[in-house]
Amino acid sequence: GKRTQFPVSTESQKPRQKKAPEFPILEKQNWLIHLHYIRKDYEACKAVIKEQLQETQGLCEYAIYVQALIFRLEGNIQESLELFQTCAVLSPQSADNLKQVARSLFLLGKHKAAIEVYNEAAKLNQKDWLP
């Protein structure tokens, strides 16, 4: 499927009108979130995420996604599940978000629900592969 680690600039893929000027800042913040995360600097990461979510009224999918990953690492599986579900709502075409929801359900011992969500994700993945 189309797995992107973090939102890279989409300029190369398709030309489109620049949105409001704060957009590049958003990307810069996402890049920071990514850097802190891969360095396992979770406190710094959470601080940037918090700012990012205030800036975007809680609508930055990437920030929510990484916050959910950190919650999972910290053992807050239920909170992590809720955030991955938010990502799935913001980006219904993303199989990756659904897989994370399924993984969270699995970790919570909700195996039947997890399998159902995995199946949904698999269907989305097949769509990715269709010409």
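Mentor: Let's begin with burial: of the 131 residues of the protein, 34% count as buried. Keep in mind that this is a predicted model.

Trainee: What makes a residue count as buried here?
Mentor: A residue is called buried when its relative accessible area is under 20%, and 34% of the residues in this protein fall into that class.

Trainee: Which secondary structure elements does the protein have?
Mentor: Six helices and zero strands, so the pattern along the sequence reads α-α-α-α-α-α.

Trainee: Why are α3 and α4 called roughly antiparallel?
Mentor: Helix α3 (residues 61-73) and helix α4 (residues 77-90) pack at an angle of about 160°. An angle over 145 degrees counts as roughly antiparallel, and therefore α3 and α4 get that label. Their axes are 8 Å apart, and the crossing of α3 past α4 is left-handed.

Trainee: Which residues make that contact between α3 and α4?
Mentor: On the α3 side they include Ile64, Ala68 and Phe71, and on the α4 side they include Leu83, Phe84 and Leu90. By class, the contact of α3 with α4 has 10 nonpolar, three polar and three charged residues.

Trainee: And what is the orientation of α4 and α5?
Mentor: The axes of α4 and helix α5 (residues 95-107) cross at roughly 160° and come within 8 Å. With the cut-off at over 145 degrees, α4 and α5 are therefore roughly antiparallel to each other. Here too the crossing, α4 past α5, is left-handed.

Trainee: Which residues meet there?
Mentor: Among them are Ile77, Leu81 and Phe84 in α4, and Leu98, Val101 and Leu105 in α5. The contact of α4 with α5 divides into nine nonpolar, five polar and no charged residues.

Trainee: How do you know where the model is confident?
Mentor: By pLDDT, which averages 85 for the protein, with 79% of the residues scoring at least 70. Confidence is lowest in helix α1 (residues 23-38), at a mean of 86, and highest in α3, at 97.

Trainee: Where does pLDDT stay under 50?
Mentor: Residues 17-21 are one such stretch, with one contact beyond four places in sequence in the model. Over residues 9-15 the pLDDT is also below 50, and that stretch has three contacts beyond near neighbours in sequence. Where pLDDT is low, the predicted coordinates should not be read in detail.

Notes. Residues are numbered from 1 along each chain as its sequence is written. This is a predicted model: local features need pLDDT of at least 70, side-chain atom pairs count only at pLDDT 80 or more; totals for chains, interfaces and linings use all residues. Side-chain values use heavy atoms; hydrogens and water are left out. Axes are lines fitted to C-alpha atoms, for helices over the stretch in contact, and angles run from 0 to 180 degrees between N-to-C directions. Helices (H or I, at least four residues) and strands (E, at least two) are DSSP runs, numbered from the N terminus. Angles under 35 degrees count as roughly parallel, over 145 as roughly antiparallel, 65 to 115 as roughly perpendicular and the rest as oblique. A crossing is left-handed if the near helix is turned anticlockwise from the far one by less than a right angle, and right-handed if clockwise. Contact means heavy atoms within 4.5 Å. Ala, Val, Leu, Ile, Met, Phe, Trp, Tyr, Cys and Pro count as nonpolar, Asp, Glu, Lys and Arg as charged, and the others, Gly among them, as polar. pLDDT is the predictor's confidence in each residue, from 0 to 100. Buried means under 20% relative accessible area, exposed over 50%, partly exposed in between (1.4 Å probe, protein chains only).
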